[in-house]
There are 2 protein chains.
Amino acid sequence: MSDETRNGGTGRPSAGADTASILLDAETRLHGGGDHRSELRLWLRLLTLTNLIESEIRSHLRAEFDVTLPRFDLMAQLEKAAEGLTLGELSRRMMVSAGNVTGLVERLVQDGLVERRPAPGDRRSALVSLTPAGRAGFEAMAHAHGDWVGDLFSDLTPVDIEALMVLLARAKASARTSAQRQEGVSATSHKLSKEPSNV
Amino acid sequence: MSDETRNGGTGRPSAGADTASILLDAETRLHGGGDHRSELRLWLRLLTLTNLIESEIRSHLRAEFDVTLPRFDLMAQLEKAAEGLTLGELSRRMMVSAGNVTGLVERLVQDGLVERRPAPGDRRSALVSLTPAGRAGFEAMAHAHGDWVGDLFSDLTPVDIEALMVLLARAKASARTSAQRQEGVSATSHKLSKEPSNV
DNA sequence: CGTAGATATTTTAAGCTTAAAATAATTCGG
DNA sequence: CCGAATTATTTTAAGCTTAAAATATCTACG
């Protein structure tokens, strides 16, 4: 979550990137002499925009509904699942750790916005769903939330939005593929700290 | 930080959005009957992508350098500021609260990666900068970080990247304008919880 | 000079978040 | 039916994060 962050900052002179690098690209990558300058700028911009919006939404939620963003997120998931969701399913959909969800649900149950009951047919699982109060509260928040997001993007044309949707989908596909490639690649462990390296 | 989150989920029938809505748009917004469906989908996609990348970078940093993302972020800011930065400047650039930076710097000083000294000419301020160890450590991380990001976006063409840069800049401008508009708009306080409303 | 307001930072309390280890229940292959 | 592997969840320890209140210092204005 940083504004000018993660740009690599090596200050290395560009290998003449930007345009006309289409043909060179594959070779560059093959030789490991990658530049990644434009990708880093893209990531930075993406991150800044997301942070900006997220923090805007967070403060609206707090000021107008006295609710935190993660709680709103969780309720949003439940609102879409009439039958309720297991903790594991919530964890996957929210893209957060299982332990995180445990605590979040606990607090929402205390607030009376959410309820949990044993899942039928699997004694390990619990089903979580909105209480009537939770559903009503969420409805109001969702309406306001839509307005905020609409407002945040109000200077974009429908064409801009559609173009972004397409490009972001492409980026998402790229990132997923890359993440999958990395899955199960053993670490090289450089370590900065001074712990006894148990190699 | 949610996958399918914050879509409003009201299930309201569309007012015929998507194409041909350019002319209707202004009026729709004026009358407050906004739909915001496409904006919400855009926000969701943006958020999912950012979460995906962020979590990938986080796990690389942990596995290969035993460092957290916020610490990397902070070091990245310092790397670009030869003279060092004040805590306040760090807070602004990282887009996090001041108190957050206090603790982060504390821990990095303990690790020997960062040092703080009184700012000349202002006894309230401290200047923070990388130690030689911090600089060396960051250099290695930044290099690897560039590779990861390059890899995450490796299926995008230079044209895709350029188009995204332009559109994201536009979105950022829109969001900033909107956030500014909201600045200092008194809250309507609906509140979900059951505290005594001190109105 | 003196003080009111602004600015820089720290402290506090509460909540969020993660990774990893621990429990518990289920499934699957023999 | 048994045990190994898998899956669902909780627990733990550490760290991150925020908003708000508290300190400390500075700046400007009279």
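Helix α2 (residues 37–65) of chain B has 29 residues and should span 42 Å at 1.5 Å a residue, which agrees with the 41 Å between its end C-alpha atoms. The expected span here is 1.5 Å times one less than the number of residues, and helices are DSSP runs of H or I with at least four residues, numbered from the N terminus. Just after α2(B), B:D66 adopts a positive phi of about 50°.

A word on the source: this is a predicted model, where local features need pLDDT of at least 70, side-chain atom pairs count only at pLDDT 80 or more, and totals for chains, interfaces and linings use all residues. Residues are numbered from 1 along each chain as its sequence is written, chains are lettered from A and ligands numbered from 1 in the order in which they are written, and side-chain values use heavy atoms, with hydrogens and water left out.

Now to the DNA. DNA strand C is surrounded by 23 residues, a residue being near if one of its heavy atoms lies within 4 Å of the strand. Among the closest are A:R107 and B:R124. α5(A) gives the most to this surface, with 4 residues.

Methods:
Helix = DSSP H or I, 4+ residues; strand = E, 2+ residues; numbered from the N terminus.
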